[in-house]
Amino acid sequence: SIAATQSAPDVGYPISEQQLQSVRNVFALLGGTAIDRDELAALVIRLADPMVGMRPRHTLLARLLAESVGVNAAVDALKTYVPADACSLELREYLLARLFLNAGRLDDARAHVEPLLAAQSYSPAVAYSLAADLARRRNDGEAALRHASRSQQLDPPLPEAHEPMVWALAKLSRF
């Protein structure tokens, strides 16, 4: 609504009720408040999609999901969602792997990271950064360094590979 002191908007754009609900869900996700769980997975994948081209931020989205609805609810929503395209399917796997890594569920994370490494990937640098983080959490310095190095070769500014790379170099005393 427009307050009495404000003038009418210069431009009006009608949005559907479904679009309006998506906007509400985005703010609910950001604010950690109640969210329409039926729309959760599709919403998060839509949010993640443009981010792949601008350095992935699935890490941030996974954290927001875990804080907003909890890890188990987020995993359930993502696992039951069947994307229509290969990119969205891969984004779903990135999000699941990151949720499991953040929750310390390393075997579950490995089950999602290994297929990403084996597949012809939409964003292979992200898959290698996830593998590097998994190796770091498993205390495997050699694997963490190998995967982080590959991620850096594919996409040098990718921030998700930096922490596992530094950890591996310190672990292996390769300063």
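**Charged side chains and their partners**

Reply: Glu114 counts as partly exposed, at 43% relative accessibility (buried is under 20% relative accessible area, exposed over 50%, partly exposed in between, with a 1.4 Å probe and protein chains only). The model is predicted, so local features need pLDDT of at least 70 and side-chain atom pairs count only at pLDDT 80 or more, while totals for chains, interfaces and linings use all residues. Residues are numbered from 1 along each chain as its sequence is written, and side-chain values use heavy atoms, with hydrogens and water left out.

Glu114 has a partner, Arg110, in a salt bridge with N and O 3.8 Å apart (a salt bridge is a side-chain nitrogen of Lys or Arg within 4 Å of a carboxyl oxygen of Asp or Glu). Side chains of opposite charge can pair when their charged atoms come close. Both residues lie in helix H6, residues 106-118, four residues apart, or about one turn of the helix (helices are DSSP runs of H or I with at least four residues, strands are runs of E with at least two, and both are numbered from the N terminus). Arg110 is also partly exposed, at 34% relative accessible area.

Arg92 and Glu93 form a salt bridge with their closest N and O atoms 3.2 Å apart, and both residues are buried.

Asp133 and Arg136 are another buried pair. Their side chains meet in a salt bridge at 2.7 Å, N to O. They sit three residues apart in helix H7, which separates them by about one helical turn. Asp133 and Arg136 also belong to a network of salt bridges that links them with Arg98, Arg137 and Glu163. The count of salt bridges comes to 10.

H7 has the largest share, with three residues. A pocket is an open set of points on a 1 Å grid over the protein atoms alone, where a 1.4 Å probe fits, with protein on both sides within 12 Å along at least five of seven lines; lining residues have an atom within 4 Å of a point. The space in the largest pocket is about 160 Å³ (the space filled by probe spheres set on the points, which are joined across faces, edges and corners). By class, its lining has six charged, two polar and two nonpolar residues (Asp, Glu, Lys and Arg are charged; Ala, Val, Leu, Ile, Met, Phe, Trp, Tyr, Cys and Pro are nonpolar; the others, Gly among them, are polar).

Helix H9 also holds Ala168, which is buried at 0% relative accessibility. Beyond its neighbours within four places in sequence, Ala168 is in contact with Gly141, Ala144 and Leu145 (contact means heavy atoms within 4.5 Å). The C-alpha atoms of Ala168 and Ala132 are 8.9 Å apart, although 36 residues separate the two along the chain.

As for the setting, the protein chain has nine helices and zero strands. Of its 175 residues, 42% count as buried. Among its contacts with a separation of 6 or more, 59% join residues 24 or more positions apart.
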